[in-house]
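Hi everyone, thanks for coming. Let me walk you through a few spots that I picked out, and please have the picture open while I talk.

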Amino acid sequence: RYPNTACELLTSDVPQINDKLGGDETLLNILYDFLDHEPPLNPLLASFFSKTIGNLIARKTEQVVISFLRKKDRFLSLVLKHIDTSAMMDLLLRLISCVEPAALRHDVLNWLNEAKIIQRLVELIHSSQDEDRQSNASQTLCDIIRLSRDQSTQLQDIPEPDPLLTALESQECVEQLLRNMFDGEQTENCIVNGTQVLLTLLETRRSGVEGLMDSYTQGFERSYTVNSSILHGIEPRLKDFHQLLLSPPKKSAILTTIGVLEEPLGNARLHGSRLIAALLHTNTPSINQELCRLSTMDLLLDLFFKYTWNNFLHFQVELSIVAILSHSVQEGKPPPAEQEGKEDIPNGKEPPANSPENLMVTHLFQKCCLVQRILDAWEANDKIQAEGGMRRGNMGHLTRIANAVVHNMEKGPMQAQISDFIRELPEDCRGRWESFVEETLTETNRRNTVDLVSTHHLHSSSEDEDIESAFPNELTLQQAFSEYQIQQMTANFVDQFGFNDEEFADQDDNINAPFDRIAEINFSIDADDDSPNASLFEACCNERIQQFDDNEEEEDIWEEKEISFAAQVKSRTRFGVSQTSEGSSKSDLENGDHDGSTGKGRPWLLLFWLREPRECSWDAQRLLCPPGSGWTAVFEPVSSKPPPPCVAMDVGSSVWDSAAPESSAPEDKGWAKFTDFQPFC
């Protein structure tokens, strides 16, 4: 508790504390003495120490703290001595990335380079070191590469290159790392950690936001150029990586969900396959030629079909094949001026006869027999499944590889050469391939592209005014109505009907203010309105309202017409609102009998209620307000009479038998309002 409290106080970013601690060598010596202990350090105390020193480095812009550390001859040696504690790795990275201004940072980088910090970290990636030291040293080198490249991209006005990055990308450094990995005793931990550094050096692009898919971070990608010295250092050691794929460090059998795996693939071979894929993407002729000589791709395909359940390996093999098929023409691509007059050649690209790229593609189709292997593996899987067995785990990546071949044969940069290889296949094999592409692969792609869920979302009519497509079938209608039924009253209810913020500008700052206007929500359905959703609404009405007499002449029940009221029928009283209708019985409404001699028809209003459902005088009640929804729809002409005082009465089925007092002639009063409506919340 006390070290934690002390650390929080010292790193609280108070200028007086920073000035006092950073300007007093006596206090700095007390802090520095923490390093002068035998490993391993207490990880928690080490994190407090690293945070405190790192805060001084980042906040104390003067050279006081940096000068103090540079005067300590054993500072870097002690940091590397305790590198097995991750806090020391963080401290080293703070020295590289957090020093301001740029001139002081460059001085620090030169100091670290003169102390050969890079070479000393590389020496720690050795089979004689313990795993934590190797792992942290490897991670430190990878972070230095990424930080240096990012800062070099952002600070392009600095004339001198980053000395640490230059040292890391040098051929001598790469060769030293490979010697530590393969000379002498070979351990999986050393090979994996060393390969991670090489993979970081071979990165040509990296997303600026870690952990997100590429499709979401395309705008944040940074591109880098791979230094040729890195490739020159790796090329002589390709034979060691090939041998690693053949005979990795021994691993004991492991129990998996599909049984005992006597000879696991191992992390070393997986990282070896990752390195091969990265090298192929650099499209270096000498490396491609060496891989062909070693038949490394043939070996990777052997592993692909041997370890049918290792998708990490399958992905790397797929990347390697895609690189060969799609990137191999770049160096042999003619300049734009030379492409004129080559309309008879597909894409205007005719690769040279003896280019390394052609050699790699030739190796893939002739030596590796890629097409035959795809067909054999597919037929073997079909046989296993026909006998009731399980689909092999590499079939998904095998499908993608087959699609890559077809794609590049049709319109890829090497389409002419790939097509020639397909035509040169034995007749039976060529027939199997053509049948596979036209039938099996096409059907597999069709199944793989079927949406597991519907991507078409239906919304309320006010949101879809711009949709012009008709709803295709009965199931779609049912889906639309079902979605309407399960809608619930929410605070954004009014937004669904197109209200603007300006309409609520005069509302009080009450959180329930939007609900206070629900009583005023109304809208008209004009029979002459040709909205895109009219067909859907009409179809729902036709489906739900079955009481029409088929023998009578069909008419549009929504058509505006004069309405006469003969007999007086009391329809409904609710919240002080009652309606008197004349000459309209329940059966008349159900049968669409609205003809009369008096009363001009008005657009109908849908008045939504927030209480329990009540029986409506029309079956549209069941359409618009299904049972249990908490809604009631009442249809009335705009020209309804102002409501008389509230009268409590039965609103059940007997309403049709009860007479209402004579009312005066209706008069226009505009929109209906519920004056006594109380918010349900």
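Helices here are DSSP runs of H or I with at least four residues, strands are E runs of at least two, and both are numbered from the N terminus. This is a predicted model, where local features need pLDDT of at least 70 and side-chain atom pairs count only at pLDDT 80 or more, while totals for chains, interfaces and linings use all residues. Residues are numbered from 1 along each chain as its sequence is written, and side-chain values use heavy atoms, with hydrogens and water left out.

Which residues of helix 12 are buried? They are Cys 173, Val 174, Leu 177, Leu 178, Asn 180, Met 181 and Phe 182, where buried means under 20% relative accessible area, with a 1.4 Å probe and protein chains only. After helix 12 comes Gly 184, with a positive phi near 80 degrees.

Now to Val 226, in the loop between strand 2 (222–223) and helix 14 (228–234). Val 226 is buried, at a relative accessible area of 16%. Leaving aside residues up to four places away in sequence, Val 226 touches Leu 201, Leu 202, Glu 203, Thr 204, Leu 231 and Thr 282; contact means heavy atoms within 4.5 Å. Between Val 226 and Glu 203, 23 residues apart along the chain, the C-alpha separation is 7.3 Å.

Last stop: in helix 18, Met 297, Leu 300, Leu 301, Leu 303 and Phe 304 meet Leu 313, His 314, Val 317, Ser 320, Ile 321 and Ile 324 of helix 19.

How values were computed: Buried means under 20% relative accessible area, exposed over 50%, partly exposed in between (1.4 Å probe, protein chains only).
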